[in-house]
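Please look at the sequence and the predicted model shown here. The report that comes after it is written for a reader who is new to protein structures.

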Amino acid sequence: MAERYKVRVTKDHLVFCSGHFISYEGDKCERLHGHNYRTTVEIEGDLDNNHYVFDFIALKHCTKAITDELDHRMMLATRNPYIQITETPQSVHVRYREREWLFPRGDCVLLPIENTTAELLARYILQRLLDDIRRKHQYEPQIMRVEVEENIGQSATCEWRSC
């Protein structure tokens with residue numbers, strides 16, 4: 001029998017309430033709005049000497065640290081070709097065609113992604129989490145999934161597999 005093991009965390013405190021907008025269809029841009037996002041993380045791998053895949057507590061702590069950075073912030077995608085972002089120590093100026101926004105710098109999180117879609121937020125969290133787990137716990141999962149739910153019944157998942 002081939003056994004496979006997976007751990008999964010999704011807690012009420014693995015949430016972030018953030019503002020955002022996305023560009024879509026190449027040349028359109030949503031209005032500013034926000035979501036109460038919820039994050040779920042799964043790790044698949046072999047059992048270790050303690051007979052678990054990965055420590056639940058460590059996984060929750062690592063995930064919460066990332067979601068806390070996003071919580072109560074305006075999320076801005078720095079790699080979007082249609083949105084220009086100019087940053088100063090005090091503010092972030094955002095421009096899409098004739099529309100402009102000025103945000104306090106401390107209220108923003110600038111993300112190295114192309115758009116603040118649920119799919120790319122899941123990828124961003126997954127990459128950050130994978131880096132943290134490798135660095136802090138010297139652990140390499142076989143498979144990792146991060147799901148970002150932006151509304152009940154509306155979510156996106158990013159999956160990473162080791163080679």
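Leaving aside residues up to four places away in sequence, Thr63 is in contact with Leu14, Thr39, Val41 and Leu129.

Side chains of opposite charge can pair when their charged atoms come close. The count of salt bridges in this model is 15, and the table gives some of these pairs.

| Salt bridge | N to O distance |
|---|---|
| Lys6 and Glu42 | 3.8 Å |
| Glu114 and Arg123 | 2.9 Å |
| Arg145 and Glu159 | 2.6 Å |

Lys6 is partly exposed at 47% relative accessibility, whereas Glu42 is buried at 13%.

In the pair of Glu114 and Arg123, Glu114 is partly exposed with a relative accessible area of 33%, and Arg123 is partly exposed at 25%.

The salt bridge between Arg145 and Glu159 links strand 11 (residues 143-151), where Arg145 lies, with strand 12 (residues 154-161), where Glu159 lies, the two residues being 14 residues apart. Arg145 is buried at 17% relative accessibility, while Glu159 is partly exposed at 38%. Through shared partners, salt bridges join Arg4, Lys6, Arg8, Glu42, Glu44, Arg145, Glu159 and Arg161 into one network.

How values were computed. Residues are numbered from 1 along each chain as its sequence is written. This is a predicted model: local features need pLDDT of at least 70, side-chain atom pairs count only at pLDDT 80 or more; totals for chains, interfaces and linings use all residues. Side-chain values use heavy atoms; hydrogens and water are left out. Contact means heavy atoms within 4.5 Å. A salt bridge is a side-chain nitrogen of Lys or Arg within 4 Å of a carboxyl oxygen of Asp or Glu. Buried means under 20% relative accessible area, exposed over 50%, partly exposed in between (1.4 Å probe, protein chains only). Helices (H or I, at least four residues) and strands (E, at least two) are DSSP runs, numbered from the N terminus.
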